[in-house]
Amino acid sequence: MVHALEIVHDLLKPGGVLVDIHPNGDPPPIEVNVGGDVMLAGYLDETDDFEEYFKADEALAEVTARGLFLLEREGLFTFMTHASTITELVDFLKAEWTDSVVHKETIERAKKLMGELGGGKEVVLRESVRIARFRKRSK
Amino acid sequence: MSLTFDPERNEINTLLEFARDLHGKRVFEIGAGDGRLTWRYAQRAGEVVAIDPNSDRVAHAREATPEDLRSRVTILDTPLEAYQLDDQAPLFDVALMSWSL
């Protein structure tokens with residue numbers, strides 16, 4: 001990861017900007033929403049992906065400490081994936097996020113909530129995502 | 001209903017706030033995938049070079065590139081370590097590591 005940041009540094013103009021986006025490692029809730037009412041079904045198990053997020057944080061801290069970049073601003077935002085059923089969400093995650101696991105208990109709870117609640121229901125995966133802006137400094 | 005990603009536009013709104021003015025800027029996006037985020041900001045940029053090592057996703061992104069962005073967005077199936085800036089090409093104003101670090 002540090003090497004990747006070194007490559008990016010060399011591809012930027014003097015004073016150029018790096019914006020990094022990656023999840024912050026908090027377990028993402030899987031919710032059932034009905035007209036604004038939010039019911040928690042469980043959490044996505046990212047297995048060891050959170051280790052990669054922390055490594056990303058460490059790599060950015062290292063290149064900043066070495067003077068390659070200057071951290072100008074950081075923050076968080078919420079990224080939500082909306083599905084009409086828990087099965088739709090699970091199938092998507094199996095295809096696109098192979099390291100993640102939706103445990104049986106979460107699936108069953110989501111199905112139960114979807115069955116109990118009225119119309120206009122949806123399942124939502126809510127991810128907390130870190131964003132940071134860095135300014136290139138000369139080596 | 002099919003899956004929808006960030007209809008709230010939290011990601012793009014936050015990105016534009018952090019990247020500030022992209023007008024006329026040369027942007028390098030690492031980890032562009034199928035172009036989902038690229039399409040949302042590219043109209044504001046001068047030029048975009050987007051890379052991803054997954055050739056299937058890149059093929060899909062190329063096919064799905066909006067017509068009005070085809071002249072300003074270049075998508076390459078290459079890992080970052082193998083990317084070579086063209087000899088005459090200028091360095092980038094902005095680099096975006098998009099869920100890729």
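1. First, a word on terms: contact here means heavy atoms within 4.5 Å. Keep in mind, too, that this is a predicted model. With that cut-off, 36 residues of chain B are in contact with 42 residues of chain A. Phe18(B), Trp99(B) and Leu101(B) are the ones to click on, as they supply 26% of the area that chain B buries against chain A, more than any other three residues.

2. Now the size of that interface. The two chains, B and A, bury about 3400 Å² between them, and 67% of that area is on carbon and sulfur atoms. Polar links are there as well: 17 residue pairs are in polar contact between chain B and chain A, counting pairs with both residues at pLDDT 80 or more.

3. Strand β4 (residues 69-83) of chain A is joined to β1(B) by two bridges, and the strands run antiparallel. If you want a spot to look at, Thr81(A) stands opposite Phe5(B) in β1(B).

4. One to inspect is Lys13(A) with Asp93(B), whose side chains meet at 2.9 Å, N to O. This pair crosses between chains, from strand β1 (residues 12-23) of chain A to strand β5 of chain B. Asp93(B) is buried, because its relative accessible area is 17% and buried means under 20%.

5. Within chain A, have a look at Arg135(A) and Glu72(A), which form a salt bridge with the closest N and O atoms 3.0 Å apart. The pair links distant parts of the chain, with Arg135(A) in strand β5 (residues 121-136) and Glu72(A) in strand β4, 63 residues apart. Arg135(A) counts as partly exposed at 23% relative accessibility, and Glu72(A) is partly exposed too, at 32%. Elsewhere in chain A, Glu6(A), Glu62(A) and Arg66(A) are linked in a network of salt bridges.

6. Chain B has a salt bridge of its own between Arg36(B) and Glu11(B), at 2.6 Å, N to O. Arg36(B) lies in the loop between β2 and α2 (38-41), and Glu11(B) is in helix α1, so the pair ties together parts that are 25 residues apart in sequence. Arg36(B) counts as partly exposed at 26% relative accessibility, whereas Glu11(B) counts as buried at 0%.

7. Next, two helices of chain A. In helix α3 (residues 86-96), the buried residues include Ile86(A), Glu88(A), Leu89(A), Val90(A) and Leu93(A). What covers the buried residues of α3(A) includes β2 (29-34), β4, α4 and β5 of chain A. Over in helix α4 (residues 104-116) sits Thr106(A), which counts as buried at 7% relative accessibility. Setting aside neighbours within four places in sequence, Thr106(A) is in contact with Ile30(A), Ala41(A), Gly42(A) and Tyr43(A).

8. Last, β2(B), where five of five residues are buried. In a regular strand the side chains alternate between the two faces of the sheet. Both faces of β2(B) are covered, with Arg26(B), Phe28(B) and Ile30(B) buried on one side and Val27(B) and Glu29(B) buried on the other. Which strands pair with β2(B)? Five bridges join β2(B) to strand β3 (residues 47-51) of chain B, running parallel, and Phe28(B) stands opposite Val49(B) there. Four bridges join β2(B) to β5(B), also parallel, and here Ile30(B) stands opposite Met97(B).

How values were computed. Residues are numbered from 1 along each chain as its sequence is written. Chains are lettered from A and ligands numbered from 1 in the order in which they are written. This is a predicted model: local features need pLDDT of at least 70, side-chain atom pairs count only at pLDDT 80 or more; totals for chains, interfaces and linings use all residues. Side-chain values use heavy atoms; hydrogens and water are left out. Buried area is the accessible area (1.4 Å probe) that two parts lose on being put together, summed over both. A polar contact is a pair of N or O atoms within 3.5 Å; within protein, one must be able to donate a hydrogen and the other to accept it, and residues adjacent in sequence count only if both atoms are side-chain atoms. Two strands pair if DSSP finds at least two bridges between them. A salt bridge is a side-chain nitrogen of Lys or Arg within 4 Å of a carboxyl oxygen of Asp or Glu. Buried means under 20% relative accessible area, exposed over 50%, partly exposed in between (1.4 Å probe, protein chains only).
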